[in-house]
Structures are given as C-alpha cells and as structure tokens.
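Please take me through this two-chain model.

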Amino acid sequence: MQTEDFDLRLEHQQLIQNDHGIGAVVAFIGMVRDLNLADDVVALELEHYPGMTEKSLINIAQQAEKRWSLQAARIVHRVGKMYPGDQIVLVLTASAHRGDAYEANTFMMDYLKTEAPFWKKEWTPEGPRWIEARESDDSAVARWTEKPSS
Amino acid sequence: MRLKVLYFAQLREKFGLAEESVQAPDSVRTVADLMQHLGARGGVWQETLGGHLAFRVAMNQEMVSQQTALLDGAEVAIFRPVTGG
C-alpha cells in the first residue's frame, strides 16, 4: 500500500519481468468517481488498518494463486486523500492463458471489496460522509463460494 | 482477560477513541460477549453497538465471527463493513 500514485506501465513491467510463460496479463484499475449518491465528491479519503491491510491483500492474492493457475499477481492500493479522476487501486494478474488471469482478477477485487480493511470517507460540499458498504459487493463475492453438497 | 481494542473509521469518530485496553470479566468469552460488554457502557456505546448496525471484527489482524472465542492479550478491532477498492 502507498499514498503516492502508481504507474501501470512500471507495475506491469515489474510483474512480467522475463517470464516467457506468461501469455496473458489482466489489469484492473479502480478510480475516484465524481458522483456517489448524487452529490459532488470533492475528495475521497481512504483510511486503513495498518498491519492488517498488508496481510489481507497478501492473503487475497494467495487465495487467487491457489484457485487459479497464475504466473504472478499484484495488488497496489493507495491510502490517504484522493480526488475525482485519481487512481485508487491496481490489481494485476498474469497467467499462461487468459481465463485464469480474468477470473483471478475479478475474484481478487470481489474479495478486496468485502474483506480488506479500508474505509472510504467522502468530502462533499456539505461536509464529510463515510461511504456505506454495498450489497452488490456482498453478492459479487458470494459467487466464489462453492455451494455445499447436499 | 485483557484485550487491546481498536476502533476504526465511523466508530473511532463516534467513540472519540482509536484504541483502549479493556479488562474484560471472565463472563466475556466471545466476540459477541465483548460487543455486549462495551454496549453496556451506555450512551453512544449502547446506541452504536446495541442497535441494528452490522459490524466486522478482526482478532490479531484476521477477520473473525461473532462466535469466535477471544484470546487473552489479543488485539481486537471493531469496524463497520469495509469499503476499499
């Protein structure tokens, strides 16, 4: 995690290095949108749980590596104050074939949204407001849980 | 048991407290017990923790459930559902 912005090109280069076993790289970038709940967002502040956040992101990447065949995976998440148009998070996955990279990437974001200890606070013209978790994120992550056999 | 309890985001602002050392009586064994114990302080504690809001809890930096048994000396963090990404 870091406060500074990340550079996709550099992160991509570092991820693939000289691994010629990589046939596919998928990148997800989450950004600060202008509107949430129909008010103008002036700024977004990301708080986190130092110590746990790193463990949580590593755990999410490790889970993805167990479930899919990945050559490499990386998560970069910014914290602190950000503005509309800024980048918040990067998830990179690299695999031999694209199916694994796509699915692992989606999985990692779904888990990050529901398990990683970050909290967003919006600064609007009317003042600050903490963002509430979305039900759609809970539904998204549920699809990765195997249904118990009856 | 003695616990190091941390509050994040909305909870920290509501309680005006980022962390505290809690000496919990023997009757406090699970996460749910701890939430009740803190709510019993009344006022904003009761309003916030005793209501219908959902909370997540981490013990020693791993997410746990309300039924999880507390460990003596553990770091327990309480917060609203996460909103990263």
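Q: Which residue stands opposite Val57(B) in E4(B)?
A: This is a predicted model, in which local features need pLDDT of at least 70, side-chain atom pairs count only at pLDDT 80 or more, and totals for chains, interfaces and linings use all residues. Residues are numbered from 1 along each chain as its sequence is written, while chains are lettered from A and ligands numbered from 1 in the order in which they are written. Strands (E, at least two residues) and helices (H or I, at least four) are DSSP runs, numbered from the N terminus. The residue opposite Val57(B) in E4(B) is Val64(B).

Q: How many bridges join E3(B) to E4(B)?
A: The two strands form a hairpin with two residues between them. Asn60(B), in the turn, has a positive phi of about 45 degrees. E3(B) and E4(B) run antiparallel, and the number of bridges joining them is three.

Q: What is the strand order of the open sheet of five strands in chain B?
A: Strands count as paired if DSSP finds at least two bridges between them. The pairing in this sheet is mixed. Strand E2 (19-23) and E4 of chain B are the edge strands, each pairing on one side only. The order is E2-E1-E5-E3-E4.

Q: By how many degrees are neighbouring strands of this sheet turned against each other on average?
A: Axes are lines fitted to C-alpha atoms, for helices over the stretch in contact, and angles run from 0 to 180 degrees between N-to-C directions. For this average, direction is ignored. The value is 30 degrees.

Q: Do E1(B) and E5(B) pair in the parallel or antiparallel sense?
A: Strand E1 (residues 2-7) of chain B has four bridges to E5(B). One residue to look at is Leu6(B), whose bridge partner in E5(B) is Ala77(B). The sense of the E1(B)-E5(B) pairing is parallel.

Q: Which residue is the bridge partner of Leu6(B) in E2(B)?
A: E1(B) and E2(B) run antiparallel, joined by five bridges. The partner of Leu6(B) in E2(B) is Glu19(B).

Q: Which residue of E5(B) is the bridge partner of Arg56(B)?
A: E3(B) and E5(B) are paired over four bridges. Their sense is antiparallel. The partner of Arg56(B) is Phe79(B).

Q: Which residues of helix H2 (residues 31-39) of chain B are buried?
A: Buried means 20 or more other C-beta atoms within 10 Å of the residue's own; exposed means 12 or fewer, and partly exposed lies in between, with C-beta atoms placed from the backbone. The buried residues of H2(B) fall within an arc of 55 degrees seen down its axis, so they line one face of the helix. That arc is taken from the directions from the helix axis to the C-beta atoms. The buried residues are Val31(B), Leu34(B) and Leu38(B).

Q: Which elements do the buried residues of H2(B) pack against?
A: Contact means C-beta atoms, placed from the backbone, within 7 Å. The partners are helix H3 (43-49), strand E3 (56-59), strand E4 (62-64) and E5 of chain B.

Q: Which residues is Val28(B) in contact with, leaving aside neighbours within four places in sequence?
A: Val28(B) lies in the loop between E2 and H2 of chain B. It is partly exposed, with 19 other C-beta atoms within 10 Å. Its contacts are Asp33(B), Leu34(B), His37(B) and Leu70(B).

Q: What is the radius of gyration of chain B?
A: Chain B has three helices and five strands. Its radius of gyration, taken over C-alpha atoms, is set against a globule rule of 2.2 Å times the number of residues to the power 0.38. For 85 residues the rule gives 12 Å, and chain B comes close, so it is as compact as a globular protein of that length. The radius of gyration is 12 Å.

Q: How many residues of chain A are in contact with chain B?
A: Chain B brings 13 residues to these contacts. Helix H1 (9-15) and strand E5 (75-79) of chain B each supply at least two residues of that side. The number of chain A residues in contact is 21.

Q: How many charged residues are on the side of chain B that touches chain A?
A: Asp, Glu, Lys and Arg count as charged; Ala, Val, Leu, Ile, Met, Phe, Trp, Tyr, Cys and Pro as nonpolar; the others, Gly among them, as polar. This side has eight nonpolar and five polar residues.

How values were computed
Contact = placed C-beta atoms within 7 Å.
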